[in-house]
Amino acid sequence: MAALQHDRILVERTATKITKALQLLTSRLEDTYKDTLRRMQNQGEPDNSLGMRVLMWISQSKRLLHVNELRHALAVELEDGEDPPRSLDYGNLLPPESLVEVCAGLVIIETESKIIPLSIISIRL
């Protein structure tokens with residue numbers, strides 16, 4: 001929770017806004033998650049929808065995903081009425097760090113294994 005609150009403060013650019021963010025910090029975990037999701041959703045397009053797609057893939061997978069597996073899954077884009085692609089468009093692969101950036105601190109890339117889990121144990125359960 002402290003990491004999410006820390007990230008919340010770091011997005012502010014002035015002393016006044018930092019002070020206000022510090023005053024608004026909550027001790028309730030649920031409120032911290034809601035604030036983080038709100039910040040994520042307030043990003044401009046396409047970052048907000050990409051962040052939600054990243055969270056969807058990570059939270060719905062049956063096992064932990066390697067960052068390259070997630071990059072490949074997100075690279076597939078289907079249009080309505082379009083046949084599934086027969087090969088991957090490698091030009092559509094996202095940089096690994098962008099997957100973390102659009103999720104406002106809710107995901108990390110583990111250094112050694114390159115697994116991309118939710119960042120807080122309590123939201124992994």
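Asp 83 sits in the loop between helix H5 (67-75) and H6 in this predicted model. Its relative accessible area is 62%, so Asp 83 is exposed. Asp 83 also belongs to a negative surface patch.

Opposite charges were examined next. Side chains of opposite charge can pair when their charged atoms come close. One salt bridge was counted. Arg 63 and Glu 69 form a salt bridge, with 2.6 Å between the closest N and O atoms. Glu 69 has a relative accessibility of 33% and therefore counts as partly exposed.

Two serines were then considered. Ser 59 is part of helix H4, which covers residues 47-60. Ser 59 counts as partly exposed because its relative accessibility is 43%, between the limits of 20% and 50%. The side chain of Ser 59 reaches the backbone oxygen of Leu 55 at 2.8 Å. In sequence, Ser 59 and Leu 118 are 59 residues apart. In space, their C-alpha atoms are 7.8 Å apart.

Ser 119 lies in the loop between helix H6 (96-101) and helix H7 (121-124). With a relative accessible area of 17%, under the 20% limit, Ser 119 is therefore buried. A polar atom of the Ser 119 side chain is 2.6 Å from the backbone oxygen of Gly 105.

Notes. Residues numbered from 1 in each chain as written. Predicted model: local features only at pLDDT ≥ 70, side-chain atom pairs only at ≥ 80, totals over all residues. Heavy atoms only, no water. Salt bridge = Lys/Arg side-chain N within 4 Å of Asp/Glu carboxyl O. Buried < 20%, exposed > 50% of the residue type's maximum accessible area, 1.4 Å probe, protein only. Helix = DSSP H or I, 4+ residues; strand = E, 2+ residues; numbered from the N terminus. Polar contact = N/O pair within 3.5 Å; in protein donor to acceptor, adjacent residues only side chain to side chain. Patch = residues over 30% accessible without salt bridge, like charges linked within 9 Å, V, L, I, M, F, W, Y side chains within 5 Å. Areas by Shrake-Rupley, 256 points an atom, 1.4 Å probe, with all protein chains shown as cover. Lys, Arg positive; Asp, Glu negative; His and termini not counted. Charge placed at Lys NZ, Arg CZ, Asp CG, Glu CD.
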